[in-house]
Every structure is written in C-alpha cells, then in structure tokens.
Amino acid sequence: MLLELGDRYWALGLPAAARSALQRALAQTSDAAPALRLTDIALAQGDAPAARAFAAEANKRAPGPATKILLGRAQLLAGELGAARMSLSVALDSPKLTAWDRARAHLERSRLADAQSDAQGAAAQAAAAFEAAITAAQKTAPELPLVEEIAAAVVAHGRAADAMASLDTVRGQPGAHVCAAALL
C-alpha cells in the first residue's frame, strides 16, 4: 500500500510525499522495492548521498547484478568512480546477469569512462551497450527507454556507423528494427 502510494505521489510530481511514503514502507518491510524506488527518486533529483545510501540498502536486501548496477549509478553520481567501476564489473561478471542488465551495465561504464575524460573508453562501452541491446532485443521484449539512451550514447560518442554495421548483421531478426529506429 505505501509502495503504491509513494509511486502515485512521485507520478504526481510530489517528491517529498513520495519519499515519505516510501521511507515508511522501507521501515516496515525487508523487501528491496522501497529502497529501489527511493534510489530512483534520489538519482532523478541528483541527490548523490541519498542515492548512494538507498542503493546500498537495496543491494543489501536483494543482492544481484541489477542492484549492483544501480549501486554503480549512485556511486558514479557521488563521484566514487573506483567504487562505481567495481560495482559495474561485479555485475558484468555475474552469472545471473540478464541480457538487458548487460546492456545497462555497459551504458553505465560508458558514463563512467566519460566522467574520467576517457573518450575512447566511453565510445567503446557505448558500442558494447548497443551490441548487448541488439542481443537482448532478440531474446525478450525491448526496453525502449534503455535502447534510446544507449543509441543516444552511441551517437554522442561517434559510433553510429559501427552500430549500423552491427544492425546489418541481424537485419530481419526480432528486435533489430527497434534498435535501428532508436539509432535513427
């Protein structure tokens, strides 16, 4: 109930009320969902300390690659670049990593490289994210916002031609049209 209330408050543009409801939910359950939602709100608002704290709590409650990626995002926002690299590497090495989480982890590593002024690394990770998105889109329903973010990173880092070449190898296969549309 409190989780749904927090989601509704957030959707209505009432972040303080959303945080309040979700923090009450966090105190009443051992589930990771309230911590995940609170992390998303903190990330959206650029609140690095809160994002870091809630992501760490989510990772404690539901350890796995998805929460490690979220923790890496929060650490990146907090300027903890070494910790972010470690969290994202652990996620990428996990045997439980889903196809879409692989794409998400490479996108975050691209952002990390960009934060370290490593243009070549950022471009390579954006390209790896796009390759992972193509693979994921062939297996499961596309996560459109993620595909769009990845495509934007690929274009921003000058790797659009490489991405188009990758798409040529999977033309006509499931999900390829979604990745192509995002890239264009």
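Residues are numbered from 1 along each chain as its sequence is written, and side-chain values use heavy atoms, with hydrogens and water left out. Because the model is predicted, local features need pLDDT of at least 70 and side-chain atom pairs count only at pLDDT 80 or more, while totals for chains, interfaces and linings use all residues.

**Helix α3**

Helices here are DSSP runs (H or I, at least four residues), numbered from the N terminus, as are strands (E, at least two). Helix α3 covers residues 33–45. Its 13 residues should span 18 Å at 1.5 Å a residue, and the end C-alpha atoms of α3 are 19 Å apart, which agrees. The expected span is 1.5 Å times one less than the number of residues in the helix.

Buried means under 20% relative accessible area, exposed means over 50%, and partly exposed lies in between, with a 1.4 Å probe and protein chains only. In α3 the buried residues are Ala33, Pro34, Ala35, Leu38, Thr39, Ile41, Ala42 and Leu43. Their cover includes α1 (2–11), α2 (15–28), α4 and α5, where contact means heavy atoms within 4.5 Å. After α3 comes Gly46, with a positive phi near 75 degrees.

**Helix α9**

Helix α9 (residues 144–156) also has 13 residues. From its first C-alpha to its last, α9 reaches 18 Å, close to the 18 Å expected at 1.5 Å a residue. Leu146, Val147, Ile150, Ala151, Ala153 and Val154 are buried in α9. They cover an arc of only 160 degrees around the axis, which puts them on the same side of α9. The arc is that of the directions from the helix axis to the C-beta atoms. An α-helix has 3.6 residues a turn, so residues three or four places apart point the same way.

Pro145, Glu148 and Ala156 are exposed on the other side of α9. The buried residues of α9 are covered by elements including α7 (99–115), α8 (119–139), α10 (160–168) and α11 (176–183). Just after α9, Gly158 has a positive phi of about 70 degrees.

**Cavity and pocket**

Both kinds of space are found on a 1 Å grid over the protein atoms alone: a cavity is a set of points where a 1.4 Å probe fits but cannot get out, and a pocket is an open set with protein on both sides within 12 Å along at least five of seven lines. Lining residues have an atom within 4 Å of a point. Grid points are joined across faces, edges and corners, and a volume is the space filled by probe spheres set on the points.

One cavity of 30 Å³ or more is found in a search of the whole structure. The largest cavity has a volume of about 40 Å³. Its lining consists of Arg19, Leu38, Ile41, Ala42, Gln45, Asp47, Ala50 and Phe54. Two or more of these residues come from each of α3 and α4 (48–61), and α3 gives the most, with four residues.

The largest pocket holds about 330 Å³ of space. It is lined by 17 residues, and Asp40, Ile69, Leu70, Arg73 and Arg104 lie nearest its centre. The elements giving two or more residues to this lining are α3, α5 (65–77), α7 and α9.

**Single residues**

| Residue | Relative accessible area | State |
|---|---|---|
| Asp101 | 10% | buried |
| Ser166 | 12% | buried |
| Ala152 | 46% | partly exposed |
| Ser117 | 69% | exposed |

Asp101 lies in helix α7 and touches Ala66 and Ile69, not counting residues up to four places away in sequence. Ser166 belongs to helix α10. With neighbours within four places in sequence left aside, Ser166 is in contact with Glu131 and Ile134.

Ala152 is in helix α9. Ala152 and Leu184 are 32 residues apart in sequence, and their C-alpha atoms are 9.6 Å apart in space.

Ser117 is in the loop between α7 and α8. Its phi is near 60 degrees, a positive value in a residue other than glycine. Most residues other than glycine have a negative phi.
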